[in-house]
Amino acid sequence: MEHGLTDAEAVFDLLANRRRRRTLTVLRSGDRRLTVTDLTRELAVEEAGPLITDVPAETVRDIFVSLRHVHVPKLADFELVEYDRNRGLVEPTDRLAGLEPYLSIVSESDPEPRFERDGS
């Protein structure tokens, strides 16, 4: 199903969820394909880190389930990502650039992630 990014309500709905915004930010910053598991780890460290081993297993599982069943499929519906459910791969598409102005504005008002990766 294709959705237009010119519909303001659709854009606001898409960006209403912080985890979905963080997912888009992670994907655009690396401009690379990630597994849902890798994406889960990145978000878990931001939300509850500073190390993945510090994040409770239940939190990791909740993030994984929400990404796999809610957020990534919704991003795929908007064709912002390509999602291979069988392999668990998520890759940003060129359409993500069209959302950049909105994502930048909304992300500016987001609180800083509690923990950020140190680049390792």
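## Packing of α1 against α5

In this predicted model, the axes of helix α1 (residues 8-15) and helix α5 (residues 96-109) come within 11 Å and cross at roughly 50°. That angle makes α1 oblique to α5, and the crossing of the two helices is right-handed.

On the α1 side, the residues in contact are Val11, Leu14 and Leu15. They meet Leu99, Tyr102, Leu103 and Val106 in α5. By class, the contact of α1 with α5 comprises seven nonpolar residues, with no polar and no charged ones.

## Packing of α2 against α4

The axes of α2 and α4 come within 10 Å and cross at roughly 75°. Helix α2 is therefore roughly perpendicular to α4.

Helix α2 contributes Arg19, Arg20, Thr23 and Leu24 to this contact. Their partners in α4 are Asp62, Ile63, Ser66, Leu67, Val70, His71, Lys74 and Leu75. Sorted by class, the contact of α2 with α4 has five nonpolar, three polar and four charged residues.

## Helix α3 and its surroundings

Helix α3 spans residues 36-48, a run of 13 residues. From its first C-alpha to its last, α3 reaches 18 Å, close to the 18 Å expected at 1.5 Å a residue.

The buried residues of α3 are Val36, Leu39, Thr40, Glu42, Leu43, Ala44, Val45, Glu46 and Ala48. Elements that cover these buried residues include the helices α2 (18-30) and α4 (57-77). The strands β1 (34-35), β2 (81-84) and β3 (89-92) are also among the covering elements.

## Asp31 in the α2-β1 loop

Asp31 lies in the loop between α2 and β1. With a relative accessible area of 61%, which is over the 50% cut-off, Asp31 is exposed.

Asp31 and Asp94 are 63 residues apart along the chain, and their C-alpha atoms are separated by 9.8 Å.

## The chain as a whole

The chain has five helices and three strands. Read from the N terminus on, its elements run α-α-β-α-α-β-β-α.

Of the 120 residues in the chain, 38% are buried. Among contacts between residues at least 6 apart in sequence, 61% join residues at least 24 apart. The contact of α1 (residues 8-15) with α5 (residues 96-109), described above, links two helices whose axes come within 11 Å.

Notes
Residues are numbered from 1 along each chain as its sequence is written. This is a predicted model: local features need pLDDT of at least 70, side-chain atom pairs count only at pLDDT 80 or more; totals for chains, interfaces and linings use all residues. Side-chain values use heavy atoms; hydrogens and water are left out. Axes are lines fitted to C-alpha atoms, for helices over the stretch in contact, and angles run from 0 to 180 degrees between N-to-C directions. Helices (H or I, at least four residues) and strands (E, at least two) are DSSP runs, numbered from the N terminus. Angles under 35 degrees count as roughly parallel, over 145 as roughly antiparallel, 65 to 115 as roughly perpendicular and the rest as oblique. A crossing is left-handed if the near helix is turned anticlockwise from the far one by less than a right angle, and right-handed if clockwise. Contact means heavy atoms within 4.5 Å. Ala, Val, Leu, Ile, Met, Phe, Trp, Tyr, Cys and Pro count as nonpolar, Asp, Glu, Lys and Arg as charged, and the others, Gly among them, as polar. The expected span of a helix is 1.5 Å times one less than its number of residues. Buried means under 20% relative accessible area, exposed over 50%, partly exposed in between (1.4 Å probe, protein chains only).
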